[in-house]
Amino acid sequence: MRADQAMTPRPAPARARTVATFYGGVLLVGFFWHGVGQDTNDVWRLDPHQDLVTLLWTPAVGVVAGMLAVQAFRALQGRMMWLGELHREFSSLFGRPASGELVLLAAASALGEEVLFRGAMLDAWGLWISSLVFALLHIPPRASLWPWTMSAFVMGLGFGLLTLITGNLGAAVAAHFVINLQNLAYVTRNRPRLALRGPVRPADPAPR
């Protein structure tokens, strides 16, 4: 195999379609849950009278928040062992997907999860319980990766606050999409950074 072939993204459209279909189901659950509980089909806005101008500028807030969150986790990766381990897990799971597949995966998960957790569950159960359920659905198979669950709880609180402050799902969906897209691109295109446990000690001089 040539070097240029080894670096070519491996397309997996069936995988992308499977994930998109799953999150489409998640979106429908959130849509109908909100419709039954709130007696309205407007799952996007907390206030059904919110104007179009607000709906147009609030996603920009989410884009900025998502970029800041990504940079914060990237800075911590060299200090926390579990982030490197999580990087390897996702890299082995997704391989090296094509760019279009990355966008589809990021968009489907952002829309599906935000409509369910912030569109329906936030209204029904409040900020803390909806964020806790969001975190519990991000429990990894190994205890060494459980800090990911705590980070999901923090992110759930952040997405919920964005929704409550802006009054619609635009900011939360945009932030979630940016985080998913940048992280998926990073873990499938780069090797994990090594994390250091404490200061590095110089080697003892060799005996003469």
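A crossing of two helices is called left-handed if the near helix is turned anticlockwise from the far one by less than a right angle, and right-handed if it is turned clockwise. The legends below describe a predicted model, in which local features need pLDDT of at least 70 and side-chain atom pairs count only at pLDDT 80 or more, while totals for chains, interfaces and linings use all residues. Residues are numbered from 1 along each chain as its sequence is written, and side-chain values use heavy atoms, with hydrogens and water left out.

**Figure 1**
Helices (H or I, at least four residues) and strands (E, at least two) are DSSP runs, numbered from the N terminus. Read along the sequence, the elements follow the pattern α-α-α-α-α-α-α-α. Of the 208 residues in the protein, 40% are buried, where buried means under 20% relative accessible area, exposed means over 50%, and partly exposed lies in between (1.4 Å probe, protein chains only). A contact is counted when heavy atoms lie within 4.5 Å, and among the contacts with a separation of 6 or more, 78% are made by residues 24 or more positions apart.

**Figure 2. Helix H3 (residues 52-76) packed with helix H7 (residues 147-166).**
The two helices pack at an angle of about 160°, with their axes 11 Å apart; axes are lines fitted to C-alpha atoms, for helices over the stretch in contact, and angles run from 0 to 180 degrees between N-to-C directions. That angle makes H3 roughly antiparallel to H7, given that angles under 35 degrees count as roughly parallel, over 145 as roughly antiparallel, 65 to 115 as roughly perpendicular and the rest as oblique. H3 passes H7 in a right-handed crossing. On the H3 side the contact is made by Thr54, Thr58, Val61, Ala65, Ala69 and Phe73, and on the H7 side by Ser151, Met155, Leu162 and Thr166. Sorted by class, this contact of H3 with H7 has 6 nonpolar, 4 polar and no charged residues, where Ala, Val, Leu, Ile, Met, Phe, Trp, Tyr, Cys and Pro count as nonpolar, Asp, Glu, Lys and Arg as charged, and the others, Gly among them, as polar.

**Figure 3. The buried residues of H3, with Ala69 among them.**
The buried residues of H3 are Thr54, Thr58, Gly62, Gly66, Ala69, Val70 and Arg74, and they pack against H7 and H8. Ala69 has a relative accessible area of 14%, and, not counting residues up to four places away in sequence, Ala69 touches Met155 and Ile179. The C-alpha atoms of Ala69 and Val178 are separated by 9.4 Å, although these residues are 109 residues apart along the chain.

**Figure 4. Helix H5 (residues 99-125) crossing H8.**
The axes of H5 and H8 come within 8 Å and cross at roughly 145°, and H5 passes H8 in a right-handed crossing. Residues of H5 in the contact include Leu102, Leu105, Ala106, Glu113 and Arg118, while those of H8 include Val173, His176, Phe177, Leu184 and Arg189. By class, the contact of H5 with H8 has 13 nonpolar, 5 polar and 4 charged residues. In H8 itself, 14 of the 20 residues are buried, so this helix is largely enclosed by the rest of the structure.

**Figure 5. Thr163 and the packing of H5 with H7.**
H5 and H7 pack at an angle of about 60°, with their axes 11 Å apart, and the two helices are therefore oblique to each other. Glu114, Arg118 and Leu122 in H5 meet Gly156, Phe159, Gly160, Thr163 and Leu164 in H7. Thr163 is buried, with a relative accessible area of 0%, and, leaving aside its neighbours within four places in sequence, Thr163 is in contact with Leu46, Arg118, Leu122, Asn168, Leu169 and Ala172.

**Figure 6. Asp39 in the loop between helix H2 (13-38) and H3.**
Asp39 has a positive phi of about 55° although it is not a glycine. Most residues other than glycine have a negative phi. At 72% relative accessibility, Asp39 counts as exposed.
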